[in-house]
Amino acid sequence: GKITICFLRKWKSDYKTCDKSWWKSKSRNKPEYIYFGKDKKLDFLYYADHIGKESITTLDIEGVLFENAYKDFRGIINFRKGTPESDGRERENVLLLSKEAKTKSSPILLCGEENVNGNHAASIGKIDEKKLFYLQTRGYSKEEGKREVVLSKIVPLIFENEEYLEENTESIYLNFKKKIYENIVKSLQEI
């Protein structure tokens with residue numbers, strides 16, 4: 001699937017994006033968004049328009065906000081009439097690392113067809129203090145523990161196909177993913 005990764009620490013201004021896609025019969029779509037926000041505003045709009053039968057959209061979003069960051073995500077899956085047996089799922093997890101960080105999530109399902117399956121969920125939270133304490137009993141500092149918890153949420157989305165990665169350790173794809181991982185680690189060092 002398509003992965004969009006945003007590191008707001010690098011930009012001088014806020015970030016806005018709008019992605020729209022049309023899905024014909026038996027299409028498969030799995031967009032993924034990963035974002036890190038610090039002192040910036042992040043505004044996402046994703047619109048999946050199902051125009052054919054048996055099409056599938058699975059939208060996954062993982063985010064981390066710290067300091068004064070603000071995020072607004074609107075994910076819209078539209079099942080038009082004539083799209084029976086289509087499936088649409090939206091899932092977002094947001095980790096807030098400061099009291100000042102704010103998030104708004106608006107998963108929206110529009111339905112003009114009766115025989116479809118649509119699900120949406122949003123989870124907003126902070127680092128589990130029990131997990132953090134456990135990591136500290138294993139020798140991690142509080143800051144290192146926070147980074148490990150965040151990495152455990154984000155890295156599986158980037159490195160989701162272990163068999164491919166093991167067989168293609170020198171590929172451009174793997175090198176790109178390693179650079180993304182390095183940027184994530186740099187972002188988390190600012191926590």
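**Group meeting: a strand-then-helix model**

Okay, from the N terminus on, the elements here run β-β-β-β-β-β-β-β-β-β-α-α-α-α. That makes ten strands and four helices in the protein, where helices (H or I, at least four residues) and strands (E, at least two) are DSSP runs numbered from the N terminus.

A bit of housekeeping. This is a predicted model, so local features need pLDDT of at least 70 and side-chain atom pairs count only at pLDDT 80 or more, while totals for chains, interfaces and linings use all residues. Residues are numbered from 1 along each chain as its sequence is written, and side-chain values use heavy atoms, with hydrogens and water left out.

Of the 191 residues, 45% count as buried. When I say buried I mean under 20% relative accessible area; exposed is over 50%, and partly exposed is in between, with a 1.4 Å probe and protein chains only.

Let's start with β5, which covers 41-50. Eight of its ten residues are buried, so the strand is largely enclosed by the rest of the structure. β5 pairs with β7 in the parallel sense over ten bridges; two strands pair if DSSP finds at least two bridges between them. On that pairing, Tyr-47 stands opposite Ile-76 in β7.

Now the aromatics. Which rings pair up? The rule takes rings of Phe, Tyr and Trp (its six-membered ring) with centres within 6.5 Å; planes under 30 degrees apart are stacked, over 60 edge-to-face, and the rest tilted. By this rule the count comes to two aromatic pairs. One is Tyr-35 with Phe-44, tilted, at 5.8 Å centre to centre and 50° between the planes. Then there is Phe-44 with Phe-73, also tilted, at 5.3 Å centre to centre and 55° between the planes. Phe-44 sits in strand β5 and Phe-73 in strand β7, so this pair ties together parts that are 29 residues apart in sequence. Put together, Tyr-35, Phe-44 and Phe-73 form one aromatic cluster. And how buried are they? Tyr-35 and Phe-44 are both buried; Phe-44 has a relative accessible area of 0%, and Phe-73 is buried too, at 2%.

Which strands build the lining? β7, β8, β9 (102-111) and β10 (117-125) each supply at least two residues.

At 17% relative accessibility, Asn-93 counts as buried. Its C-alpha is 6.0 Å from that of Ile-124, 31 residues apart along the chain.

On to the loops. Lys-40 is in the loop between β4 (32-38) and β5, and at 18% relative accessibility it counts as buried. Its C-alpha is separated by 6.9 Å from that of Asn-68, 28 residues apart along the chain.

Which non-glycine residues have a positive phi? Glu-67, for one, at about 55°, in the loop between β6 (56-66) and β7 (70-79). Glu-67 is partly exposed, with a relative accessible area of 30%. Glu-85 also has a positive phi, near 60°, and it lies in the loop between β7 and β8 (87-96). Glu-85 is exposed at 52%.

Last, helix α1, residues 129-137. Asp-128 caps its N-terminal end, with a side-chain oxygen 2.8 Å from the backbone nitrogen of Lys-130. After α1 comes Gly-139, with a positive phi near 105°.

Key:
Polar contact = N/O pair within 3.5 Å; in protein donor to acceptor, adjacent residues only side chain to side chain.
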